[in-house]
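Subject: Structure handover

Hi,

Here is the structure you asked about. Please look it over; my notes follow below.

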Amino acid sequence: MTMPMMRPPRKNPVLRTRQMNLPPGARGRVALGLTAAAAEGRFELQTCEDCGTVQYPPREVCHKCLSASLRWRAQSGEGELLGSTTLHHSNDLFFRERLPWRLGLVHLDAGPTLMVHLHGEVGDAPTRVRVGARLDRAGQAVLIGFPNEGSAHMADDKMLREMTSDPKFRKALVTDGKTETGQAIVRALVKAGADIVWVGHAEPWKKMGDGLDDISALPQVTLVPLDLTNGRQVTELAGSIGGKVDIVINNAEVHRTFGIGARRGTDVAKAEMDINYFGLLRLAQEFGPALKGRSADGATGATAWVNLLSIYALSNFPPHGTFSASKAAAHSLAQCLRAEMRPAGIRVINVFPGPIDDEWNQHTPPPKLAPTALANAIVKALRDGVEDVYPGDVAQEWLERWRDNPKVLERELAAGG
């Protein structure tokens with residue numbers, strides 16, 4: 001049974017901050033299918049469409065019939081642990097700092113035999129295990145053997161915490177606490193065990209109901225002025241708390257309806273871009289370097305950056321046309337941010353919800369995503385160590401249609417479908 005993680009001691013400010021050493025990250029292109037699935041929380045292996053063989057490691061052709069008709073298919077991960085060993089020495093810098101490290105050999109019910117990292121609750125061989133895929137600090141897929149029945153504190157396992165961004169005992173910044181979505185995110189972080197949650201709020205003169213007052217009464221919450229259109233304010237906040245933040249959650253957005261012809265001028269579109277795109281850019285320029293510098297700062301080092309995007313970023317939804325365009329621009333920028341943060345081991349998580357049940361989707365028919373459900377999906381993504389999240393029925397349907405044929409989806413949306 002995993003012992004619950006104790007609150008880490010406060011860092012000695014005199015000691016030098018450790019720099020990140022990443023695990024080995026070299027993979028062939030054929031293996032990227034495993035990483036792509038792990039980025040969304042799935043464990044997939046190559047399956048031959050001609051003979052049905054499930055194979056590992058990934059190859060260009062089927063090792064049994066030499067067919068090139070290979071597809072990545074989701075696997076249950078059920079299997080038998082054949083043997084295990086514990087490393088007490090390693091020439092690799094990443095593992096040398098984290099020894100001892102447990103490995104095991106697992107024979108899957110689907111056929112292949114895998115070398116996996118072992119969760120601390122997995123017993124000695126022979127025993128049944130469940131293999132799952134996670135992203136390591138280098139952003140590459142690794143395989144982990146889990147017990148079939150775990151304890152309540154499984155996430156506190158030292159090895160597993162290296163692969164995830166669990167908010168427990170960490171400090172987070174939520175950029176907009178005035179919306180119902182932002183307030184739900186704050187409550188979810190506090191429930192998940194976050195140590196401190198800084199909550200940004202712009203235009204303090206504007207009353208936005210009692211929600212902000214309610215979350216400000218929580219002992220873990222500190223309100224901070226944050227207007228993402230004000231570069232100086234973003235810089236000042238980064239100078240004040242940037243060296244302490246472990247998780248940045250950028251949920252600030254401007255959302256207006258209509259497309260191009262139904263609105264005069266460009267003022268609204270500029271406001272959307274100023275927050276949804278340039279706001280992310282300002283935030284990344286100021287807080288990004290601070291996070292990268294603390295990614296190896298002990299058990300509660302900087303670990304993740306979360307962007308609240310929209311499923312409309314994948315294909316424009318004409319009734320929300322300029323908003324969709326701003327989110328598409330933010331999506332592209334977030335991909336650049338992910339590439340720049342990866343060498344430091346910081347995970348960039350992009351969240352693509354469908355219509356949220358808020359004031360700007362009043363006339364959108366159900367199903368709509370409740371803010372609480374969105375907040376829980378974000379916390380789950382942090383705990384599971386995934387990169388892309390599509391919460392809600394609408395987002396899942398759009399994603400499936402977009403992957404099947406983006407052009408067909410574009411035509412359907414243009415026709416109001």
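Among contacts between residues at least 6 apart in sequence, 68% join residues at least 24 apart. Keep in mind that this is a predicted model.

Overall form next. The chain has 417 residues and a radius of gyration of 22 Å. A compact globule with that number of residues would come out near 22 Å, so the chain agrees with the rule. The C-alpha trace spans about 65 × 60 × 30 Å along its principal axes. The secondary structure amounts to twelve helices and 15 strands.

Of the 417 residues, 50% count as buried. The accessible surface is about 19,800 Å². Carbon and sulfur atoms hold 53% of that surface. The chain carries 49 positive and 47 negative charges, and their mean positions lie 4 Å apart.

Gln46 has Gln55 of β2 as its bridge partner. As background, strands of a sheet pair through backbone hydrogen bonds, either parallel or antiparallel.

Now two loop residues.

Glu387 sits in the loop between α10 (371-384) and β15 (388-389). Is Glu387 buried or exposed? Its relative accessibility is 9%, which is under the 20% cut-off, so Glu387 counts as buried. What is Glu387 in contact with, leaving aside its neighbours within four places in sequence? The list includes three arginines: Arg338, Arg342 and Arg347. Val348, Ile349 and Asn350 are on it as well. Ala39 and Leu135 complete the list.

Asn230 is in the loop between β11 (221-225) and α6 (231-241). At 32% relative accessibility, Asn230 counts as partly exposed, because that value falls between the 20% and 50% cut-offs. Asn230 and Ile275 are 45 residues apart along the chain. Their C-alpha atoms are separated by 9.9 Å.

That covers my notes.

Best regards

Note on methods. Residues are numbered from 1 along each chain as its sequence is written. This is a predicted model: local features need pLDDT of at least 70, side-chain atom pairs count only at pLDDT 80 or more; totals for chains, interfaces and linings use all residues. Side-chain values use heavy atoms; hydrogens and water are left out. Helices (H or I, at least four residues) and strands (E, at least two) are DSSP runs, numbered from the N terminus. The radius of gyration is taken over C-alpha atoms; the globule rule is 2.2 Å times the number of residues to the power 0.38. Buried means under 20% relative accessible area, exposed over 50%, partly exposed in between (1.4 Å probe, protein chains only). Contact means heavy atoms within 4.5 Å. Accessible areas come from the Shrake-Rupley method with a 1.4 Å probe; for residues, only the protein chains shown count as cover. Lys and Arg count as positive and Asp and Glu as negative; His and the chain ends are not counted. The place of a charge is taken as NZ of Lys, CZ of Arg, CG of Asp or CD of Glu. Two strands pair if DSSP finds at least two bridges between them.
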